[in-house]
Amino acid sequence: MSLRPATPADAALLARFRVLMFQDMGAPLEDGTEAFWAAHFAGTVADGGYRAVIAEAGGEAVACAGLMVFPTVPTPGDPSGRRAHIQGVYTVPEQRGRGLASAVTRAALRLAQAEGIGSANLNASVMGASVYERMGFTPAKAPEYRLNLQEATL
């Protein structure tokens with residue numbers, strides 16, 4: 001197994017793995033989502049807004065993890081003013097249980113560490129929670145709330 005950074009040429013792969021991840025979780029997806037995500041990843045990987053690590057075995061991509069960095073209010077414990085967000089962690093079914101999710105996630109976290117970022121978060125699926133807990137992630141204390149601003153009446 002080898003790890004490598006994603007390039008814009010991997011946009012369709014990142015989109016496909018993301019679709020498969022959501023399908024594994026039973027989440028409904030709109031028609032055209034995979035093509036939409038492929039176009040998104042092509043641009044954001046190219047401009048550095050999204051970085052991903054891809055694991056390959058036998059020349060085939062078998063796992064990935066994405067990294068986005070967001071500004072945040074700095075604290076004395078984390079003066080960087082940035083937070084790493086891990087997302088899109090996926091391993092093909094026939095390769096699961098071999099530590100690939102941990103390997104790609106750790107590699108993405110090392111990218112953030114190298115930039116002096118002091119904290120990271122992620123949203124874990126039921127299937128992935130134990131992987132992240134073994135890595136030292138702890139469940140958030142408060143539930144996450146979301147609002148669709150396109151549909152909200154404010």
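Let's start with strands S1 and S2: 4 bridges join them, and S2 covers residues 51-57. The two run antiparallel. Strands here are DSSP runs of E, at least two residues long; helices are runs of H or I, at least four long, and numbering starts at the N terminus. Two strands count as paired when DSSP finds at least two bridges between them.

A word on the source. This is a predicted model, in which local features need pLDDT of at least 70 and side-chain atom pairs need 80 or more, while totals for chains, interfaces and linings use all residues. Numbering runs from 1 along each chain as its sequence is written, and side-chain values use heavy atoms, with hydrogens and water left out.

Back to that first pair. Which residue in S2 stands opposite serine 2? Glutamate 56 does. Keep an eye on glutamate 56, which lies in strand S2.

Now the whole sheet. It is open, and 5 strands form it. Their order is S1-S2-S3-S4-S5, with mixed pairing. Which strands sit at the edges? They are S1, residues 2-5, and S5, residues 120-122. Each of these edge strands pairs on one side only. On average, neighbouring strands are turned by 25° against each other, direction ignored.

Next, S2 and S3. They pair over 7 bridges in the antiparallel sense. Alanine 57 has glutamate 60 in S3 as its bridge partner. The hairpin of S2 and S3 has 2 residues between the strands. Look at glycine 58 there: its phi is positive, near 60°.

One step further along. S3 and S4 also run antiparallel, joined by 8 bridges. Here valine 69 has alanine 84, in S4, as its bridge partner.

What lies across the sheet? Take helix H1, residues 11-24. H1 lies across S2, S3 (60-71) and S4 (82-91), and runs at about 80° to S4. Angles go from 0 to 180 degrees between N-to-C directions, with axes fitted to C-alpha atoms, for helices over the stretch in contact. Then there is helix H3, residues 100-114. H3 lies across S1, S2, S3, S4 and S5, at about 35° to S3.

Back to glutamate 56 and its surroundings. What does glutamate 56 touch beyond four places away in sequence? Met1, Ser2, Arg4, Ala61 and Val62. Contact means heavy atoms within 4.5 Å.

Glutamate 56 and arginine 4 form a salt bridge, with the closest N and O atoms 2.9 Å apart. That pair links distant parts of the chain. Arginine 4 is in S1, glutamate 56 is in S2, and 52 residues separate them. How many salt bridges turn up in a search of the whole structure? The search finds 6. To count, a side-chain nitrogen of Lys or Arg must be within 4 Å of a carboxyl oxygen of Asp or Glu.

One last distance. From glutamate 56 to threonine 138 is 82 residues in sequence. In space, C-alpha to C-alpha, glutamate 56 and threonine 138 are 28 Å apart.

To wrap up with glutamate 56: this residue of S2 stands opposite serine 2 and forms a salt bridge with arginine 4.
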